[in-house]
Amino acid sequence: MSAAFFIACALGLSVRLSLYKSSVCEWMASRPEVITPSTSWNRVTEGMALRKMGVSPYDGDILHQTPLMMRFLERLSSTFGEKSIHIPFISCDILTAVVLHATARALIKYIMHNQPQKESELKLQTKDFRLTGLIVAVAYLFNPYTIATCLAKSTSVFDNLLLATALLFTVKGKRSMATLFIAASAYQTLYPIMLVVPAAMLFAQKDSNTKGNDKKSPVVSYMKTAYIFVIWLAALPFLSHYLERSSWAFIRSTYGFILTVPDLTPNIGVFWYFFTEMFEHFRLFFICVFQINAFLYTVPLAIRLQKHPVFFLYILLPIIAVFKSYPSYADTIIYIALLPVWAHTYKYMRNTFVVTVMYIVCSVVAPILWHLWIYAGSANANFYFAITLVYSTAQIFLMTDLLFAFLRRDYDVIHGTNQLQADGKPAKIILD
Amino acid sequence: MGLLTDEKQRERFITVISKYGNKLCVLCYMAGLAWFLALAYKPFNAGTYFSENALLPGLVEPEFRHGNDADRYFNDLKTEVKKDKRKMPVEWLADRFRDNGLDVYIQNYTFKYPMGIAGNIALPGQNVYGIVRAPRAGSTEALVISAPYRRPGSGLSNTNGGIALMLAVAKYARRHSYWAKDIIMIVTDNEGVGMQAWLSAYHNTRTTENISPGELHGRSGSIQAAINLEIPGADVSYVDVKVQGLNGQLPNLDLINTVVRLCRRENVPVTIERQQDYYDPESTDGYLHSLKTMLRMMWHQAPGTPTGNHGLFHRYHIEAVTLQGIKTKGRSSNYGFFTLGRVTEGILRSLNNLLERFHQSFFFYLMPATDRYISIGLYMPPFGLLAAAALIKAVSLWISSTIKAAGQEAKDDCKAKNDSKVKDDSKAKDENGDEENESADDDTKPDEDGDTDRRESSDKIKGPEKQISTGLSSLLPVLLMCNIFGVAAYFSPDMFLQTSKALNLEPTEGLLMGLTALFLSAILFPRVLRKNAEKMGDRSGADPEMLKCVALVLQGLVLFSIALMNISLAFFLTLVYTPITLIVWPTNSRLSFYLQAFLLLLISPLFLVIAASLLQHSLFDKYSDPVTLLHQTWQTAQHGVLIAVIDNDLYGNWLFSLATLGVLPLWLMFWALLWTYPQQAVS
């Protein structure tokens, strides 16, 4: 925690506070790229009003927040009042930056500790990562997506904090806390449930590395992680069930909403357009296909990245951001912020230019096409869908490129950088 | 995907781009331009057709027989106007509507000019409108006929003919029972402001603080389409269809087709941009004629100012056109109210058949003739080529700078081995092969703006070897400054107008002078940055290659974004920007430097305004005297800027925002590029 980090936090804070006074907020809160039905603050206020009137907010189709989050937000709203409700959002954002800063440091420690010990030019030194923690915090605080999410009062600000904390504890190897926060993230948005797989692998790796009496076999370690995780995972819904006066209605409005995708309001994801075009008859089948698709990548990645559970953990974040049913810019920001941790693989990446340009183009063009479609009426849904497709493609390119770069570097670390062909010329290693 | 994953294809691509990059740029630009202009040639565009089956234009027997009534209204209106020249004859109009059995309402609204122009006084205005209620429908849908009222001496041609025609059509419409939609007939005051006030009140929205629309006492259903009549007298030589709306938005092509078809049926000559269709469009003359029509249309679309009151309807998702009657001297065949009434009747009855909103036909098109159109699918590829020149250059710059970074890295490695030290710095490269991160001392604290300078200073401390800074982070100060100037220019008019009031200057003069002053200070900033860098005794500052790459990418982004909304503006900007921005490069040669500076100044936003008004005057008005021409140009430029600022507030015209927040920062980036250090020959 250096002075520079505090300066960055202070700057981030002042940027947010000053922008909250402008008219940007309202505009942001109406952007479908920033706000989804499950993160909209407007819907939360509606839900609070319903609860005040003694109506269950889960009866209708308005509220998709979990009961615990709902109670937390109600508390916030009554503490801060309507005028200063932005304060918890901003402070949560800054807190996330602090957590990410810590996560980055933990990640670096892990990477340094777990690299092959033999001397090679690829071996990482502490000084390679001198500024990384700071860059991560800056990349989070000054990412326009983060600022937009915070200004729009998206409740995913809190989900992101949970997720970042889960990452922090996982990387630090704190089993019970990590599983608790992964379970909390899953309780909130369901998809982070798959993060438990890399987490379990990480704990197993750690357990097998410890010497002496603490050494456990992987099976025991996996069992232990699974056991704690299931307890946490079950505890949260049952607590909600208890708070909701023994009603399970919230399940339909939260996880049912995420899984069956009834709301087809456009967003930057791949679901809405496909299911507006879909005949009702095939809907169930394709819902299953799309949702299985989101979770499926865990299996091949778990096999391929067996030795690198932390990278596996990281690469799942963009997968969730692309394939979840109601994605927004809020899902992008965590993995973008942590990107600098993998700076040592950058020189193996090949599409940085294309991907960066794609991200920028999408951010600028999406609101224009939205305007042409919804307000001017001169464009149509296909225009907007095209740009959301480009956005998803950009994320996938970034993800595959990083994965490739990571594996390619791993190859070089093991086999050395100067590979020669049989005839003595430098070999070129191609991924087919 | 091959390009992104296959190494071999990728290398081929890189060699092609780095070898033929410049030639490709020139080729793209030339081909794009030639292709775009060729689109006006008949075989390269398409004939219009009716997409919407429900319109059924001209299928019914015309029943309008109220030409004489229109003549009478016209003469009455003339005498009425003479009674009080300063006021719109609201009472008289309301009475005539009432006589014909319409529901009549009067809207009272007030407006004031933004930013205290004209002394912050709220000016009153009145609109009169009558509604022909559809006898067998529940007022859920409506059509609009509007006509602006122009006081004598307003400088614009009067529209009394249109108002008289509207009254006659009201009389006709009330007597028939086949209307499925209400017809709203409205006479507006104060040109666009009146129309905007009525539309705001009708839809219950406020677009600006400066127009208070008041209450409407009568409403109808959702408006499907609108026809705006600008007919000066009792007879016209031909009818001109004006289509360009706010921010370059166009009405659905089907509406234009309907109007053109019905004019043809009544044998009224119909034009677009006052250009009649050429009898032989495939001849050379015919092509030039079509090209002129297309370019005129684009010229009027580019600024995004509506060419008539119809343009304000577009933002409410209402398709609308203006029919302007034009009388030329010495033409024998003129068309009176009888014929024009039948045209209007035909349009109304056709629109009356609509089952749903216009959605079938095109919204993005250009018209080289009244019956030909160039759709977005046809004009986007040549425009893409035109703009792609810059992107190709950007890619080739990126490639060359990454190759150079790799080369430098290899050199570092060599050196490290020679020193027999393991120097692993170069591995933890920033995305862009950024060198500073490693070479900077421990105490470097990069925050948002000041980091580069400090890093550079630490570079200096570190070694005698002076480095030309590379990488994206070296651009931060330049990018930040460019955007600060853009934002300042966007928010400055308020201040300039206040100042000019205090200094007793005309708002037109004060505004332009203020913006010029801002512009001049913006021009100086790269010089300051350079001096600053020199003081450091370092060849530091922005990396020219990276700066140009980023600037070209942003240029592509800005131009493509504009093209989505207003192809004409994007086309003209691309036309002048691409060739000049492609050649800008820092140089040691004085002559080349001044030449580039001159060229860049030519395309600066401020100069473009002057160039546009010069073109406007030399193309559309024939001034023989160059002094008057220049004087007029200066006047128009001054007014143009003021009007852009006013329109931005009153109607939401994006031209001023685009120029200050989009084009100005972009231009400044190229200007800053010219001031960076010329690179040493890279071995």
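## Where the two domains of chain B meet

In this predicted model, 23 residues of domain 1 of chain B are in contact with 24 residues of domain 2 of chain B. On the domain 1 side, the elements giving two or more residues to that contact are α13 (476-502), α16 (567-583) and α19 (626-650) of chain B. Sorted by class, that side has 14 nonpolar, 5 polar and 4 charged residues.

As for the bounds, the domain assignment puts 2-38 + 382-675 of chain B in domain 1 and 53-370 in domain 2.

## Spans the record calls transmembrane

An unreviewed UniProt entry lists "transmembrane region" for chain B at residues 20-41, 378-399, 470-491, 511-529, 550-573, 593-615 and 654-677. Here is how two of them look in the model.

Residues 511-529 of chain B come out as 100% helix and 0% strand, with 28 Å between the end C-alpha atoms. Residues 654-677 of chain B are 88% helix and 0% strand, and their end C-alpha atoms sit 36 Å apart.

The model gets an ipTM of 0.87 and a pTM of 0.89. For chain B, the average pLDDT is 85, and 88% of the residues score at least 70.

One stretch to keep an eye on is 420-469 of chain B, where the pLDDT is below 50. Even so, that stretch has 93 contacts in the model beyond near neighbours in sequence.

## A helix pair in chain A

Over in chain A, helix α4 (residues 67-80) packs against helix α11 (residues 218-243) at an angle of about 60°, and the axes are 8 Å apart.

Which residues of α4(A) and α11(A) meet? From α4(A) there are A:Pro67, A:Leu68 and A:Arg71, and from α11(A) there are A:Leu236, A:Leu239, A:Ser240 and A:Leu243. By class, the residues of this contact split into 5 nonpolar, 1 polar and 1 charged.

## A covered helix in chain A

Why is helix α6 (residues 132-141) of chain A described as largely enclosed by the rest of the structure? Because 9 of its 10 residues are buried. The buried ones are A:Thr132, A:Gly133, A:Leu134, A:Ile135, A:Val136, A:Ala137, A:Val138, A:Tyr140 and A:Leu141.

How values were computed
Residues are numbered from 1 along each chain as its sequence is written. Chains are lettered from A and ligands numbered from 1 in the order in which they are written. This is a predicted model: local features need pLDDT of at least 70, side-chain atom pairs count only at pLDDT 80 or more; totals for chains, interfaces and linings use all residues. Domain bounds come from an automatic or database domain assignment. Two residues are in contact if their C-beta atoms, placed from the backbone, lie within 7 Å. Helices (H or I, at least four residues) and strands (E, at least two) are DSSP runs, numbered from the N terminus. Ala, Val, Leu, Ile, Met, Phe, Trp, Tyr, Cys and Pro count as nonpolar, Asp, Glu, Lys and Arg as charged, and the others, Gly among them, as polar. Axes are lines fitted to C-alpha atoms, for helices over the stretch in contact, and angles run from 0 to 180 degrees between N-to-C directions. pLDDT is the predictor's confidence in each residue, from 0 to 100. UniProt positions are given in the numbering used here, feature names are shortened, and annotations may be inferred rather than shown by experiment. A residue is buried if 20 or more other C-beta atoms lie within 10 Å of its own, exposed if 12 or fewer, and partly exposed in between; C-beta atoms are placed from the backbone.
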